[in-house]
Amino acid sequence: MTLYFAAGKLNMPGAMFTASHNPAEYNGFKVSKLQAKPVGQDTGLSDIHRLAAMVEREKTQGRGGRREKRDLWAPYREHLLRLLDPRLL
């Protein structure tokens, strides 16, 4: 859920690797488009798979993206608190 919050708040796409207590074939990743729209088989994931299969590994080594650290804890916390019924606090 934090991936989708950050993607929506920052108006950026996002990706998150997932892990499972199940066997390794259940691990994976989640991808979102702008405005936190999820990417699935029918909305671009099959295209990503097809394009990734075409990439030659040797040509991609040493070509990193950009990483930027942002602390979204306070706005995420405020967002979650707005979802709660104050009578239950």
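Predicted model: local features only at pLDDT ≥ 70, side-chain atom pairs only at ≥ 80, totals over all residues.
View A. Leaving aside residues up to four places away in sequence, Met1 touches Tyr76 and Leu80. Met1 belongs to the segment that precedes helix H1, and with a relative accessible area of 56% Met1 is classed as exposed, because values over 50% count as such. The view also takes in Ala36, which is 35 residues from Met1 along the chain and whose C-alpha atom is separated from that of Met1 by 9.9 Å.

**View B. Crossing of helices H1 and H4.** Two packed helices are described by the distance between their axes together with the angle between those axes. For helix H1, residues 2-10, and helix H4, residues 73-83, the axes come within 11 Å and cross at roughly 110°; the two helices are therefore roughly perpendicular to each other, since angles from 65 to 115 degrees fall into that class. On the H1 side the contact is made by Thr2, Phe5 and Lys9, and on the H4 side by Pro75, Tyr76 and His79. Sorted by class, the residues of this contact are three nonpolar, two polar and one charged.

**View C. The aromatic pair of Phe5 and Tyr76.** Three aromatic pairs are found when the whole structure is searched, and one of them is formed by Phe5 and Tyr76, whose rings are tilted, with 5.1 Å centre to centre and 55° between the planes. This pair links distant parts of the chain, given that Phe5 lies in helix H1 and Tyr76 in helix H4, 71 residues apart. Phe5 and Tyr76 are both buried. Together with Trp73, Phe5 and Tyr76 form one aromatic cluster.

**View D. The aromatic pair of Phe17 and Phe29.** Phe17 and Phe29 form a tilted aromatic pair, with 6.3 Å centre to centre and 55° between the planes.

How values were computed:
Residues numbered from 1 in each chain as written. Heavy atoms only, no water. Axes fitted to C-alpha atoms, helices over the stretch in contact; angles between N-to-C directions. Helix = DSSP H or I, 4+ residues; strand = E, 2+ residues; numbered from the N terminus. Parallel < 35°, antiparallel > 145°, perpendicular 65-115°, else oblique. Contact = heavy atoms within 4.5 Å. Nonpolar A, V, L, I, M, F, W, Y, C, P; charged D, E, K, R; others polar. Phe/Tyr/Trp six-rings, centres within 6.5 Å; stacked < 30°, edge-to-face > 60°. Buried < 20%, exposed > 50% of the residue type's maximum accessible area, 1.4 Å probe, protein only.
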